[in-house]
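Hello,

Here is the structure I promised to pass on. Please open it first; my notes follow below.

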Amino acid sequence: MGAKIVAHNDFKAWILQDAWDVFWQCRSVIAAALLWMVLFTAFDAILPRSGVLGPDGAISVWGGIWFVARFLINAVAVVSVAFCAHVSVLTRSAGWSAFSIVDRRATGMFFAGMILLALLMAVMILIYQLFLVPDILRLLVGNDDVEANTEGLGIGAVVVMAFLCLVSMAATWGGAVICGADPSLVATWSRGKATFRFVLWRMVGIFLVLPVIAALFVPVTGQVVAIVQAIGISADTGLLVISAIFNGAMTCFVIVLLSVIFSRAFIISLKS
């Protein structure tokens, strides 16, 4: 038995405004997730780095294994935020109460599916770093074989676009699991066809604007690090912690934004 939907497809709020409202409603879960990511970043920083990069500057096999493990550890916090945001949009319940109104089977299914998605993302990023980053590095240092280098970049762009299309088709799956709808591949594909463009263009917009938003944090980070250094904290420690907080907060907001888009797509699919 899934959670009862109390939202509708008459969306009066802009997606960004809705995302900010959900972000604030889920602030306690987001704070816990942010603490998780900051503490793990600090733990990761003290681990030895020998063997992480290969001789060509690309990530090594050991570095790749640790990258996937680190990605999945952080995914636990991120998926918690995504779950809370989905429930908030669909049922208007927020915070830790989101984990009590959805039955355990649906909650476990949601987490398992999203962790699997995170694993797929980690593997894709790892493949990009193992096989395409060397091409990028050779291109930056002026390798004469420009055609071979740009071919690798083109393959990377195609893979990323294919991944976005796949996620767009499967975007309604999380809402279906939470609300007790049919989460099968056939039903998800059917709903995805009705909401594909709605999800895809908004996802593309997010990833185009994201670097601009991230760039805005750079001067702010420098100012905050200067403040913490003035009160006696070392610059390296301050930069590590402040960067982890900013990166974690931005990651959580992007996850909430995507969750709002995916939840709206599910609501729209019920009316199509």
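Start with threonine 172. Beyond its neighbours within four places in sequence, threonine 172 contacts Thr188, Arg191, Gly192, Thr195, Ala265, Phe266 and Ser269. The residue sits in the loop that links α6 (146-169) to α7 (173-179). Its relative accessible area is 0%, so threonine 172 is buried.

A word on confidence, as this is a predicted model. The mean pLDDT of the protein chain is 79, and 77% of the residues score at least 70. Among the elements, α6 has the lowest mean pLDDT, 73, while α7 has the highest, 91. The loop with threonine 172 runs between these two helices. Where pLDDT is low, the predicted coordinates should not be read in detail.

Next, the core. The largest nonpolar core holds 53 residues; Phe83, Phe110, Ile178, Val199, Val256 and Phe262 touch the most other members. Two or more residues each come from α1 (15-25), α2 (27-45), α3, α5, α6, α7, α8 and α9 (235-271). The most come from α9, which gives 13 residues. In soluble globular proteins, nonpolar side chains tend to be buried together.

Take valine 256 from that list. Leaving out residues up to four places away in sequence, valine 256 touches Ala19, Val22, Phe23, Ile30, Val81 and Ala85.

Histidine 86 is also worth a look. It belongs to helix α3 (residues 61-91). Why is histidine 86 counted as buried? Its relative accessibility is 2%, and the cut-off for buried is under 20%.

Now the surface. Which residues form a nonpolar patch there? They are Leu116, Leu119, Val123 and Ile127, with about 330 Å² of accessible area together. Isoleucine 127 lies in helix α5 (residues 104-140). With a relative accessible area of 44%, isoleucine 127 is partly exposed.

Last, valine 220. Helix α8 (residues 185-230) contains it. Along the chain, valine 220 and phenylalanine 246 are 26 residues apart; their C-alpha atoms are separated by 9.5 Å.

Best wishes

How values were computed: Residues numbered from 1 in each chain as written. Predicted model: local features only at pLDDT ≥ 70, side-chain atom pairs only at ≥ 80, totals over all residues. Heavy atoms only, no water. Helix = DSSP H or I, 4+ residues; strand = E, 2+ residues; numbered from the N terminus. Buried < 20%, exposed > 50% of the residue type's maximum accessible area, 1.4 Å probe, protein only. Contact = heavy atoms within 4.5 Å. pLDDT = per-residue confidence, 0-100. Patch = residues over 30% accessible without salt bridge, like charges linked within 9 Å, V, L, I, M, F, W, Y side chains within 5 Å. Areas by Shrake-Rupley, 256 points an atom, 1.4 Å probe, with all protein chains shown as cover. Salt bridge = Lys/Arg side-chain N within 4 Å of Asp/Glu carboxyl O. Core = buried A, V, L, I, M, F, W, Y, C linked by side-chain atoms within 4.5 Å.
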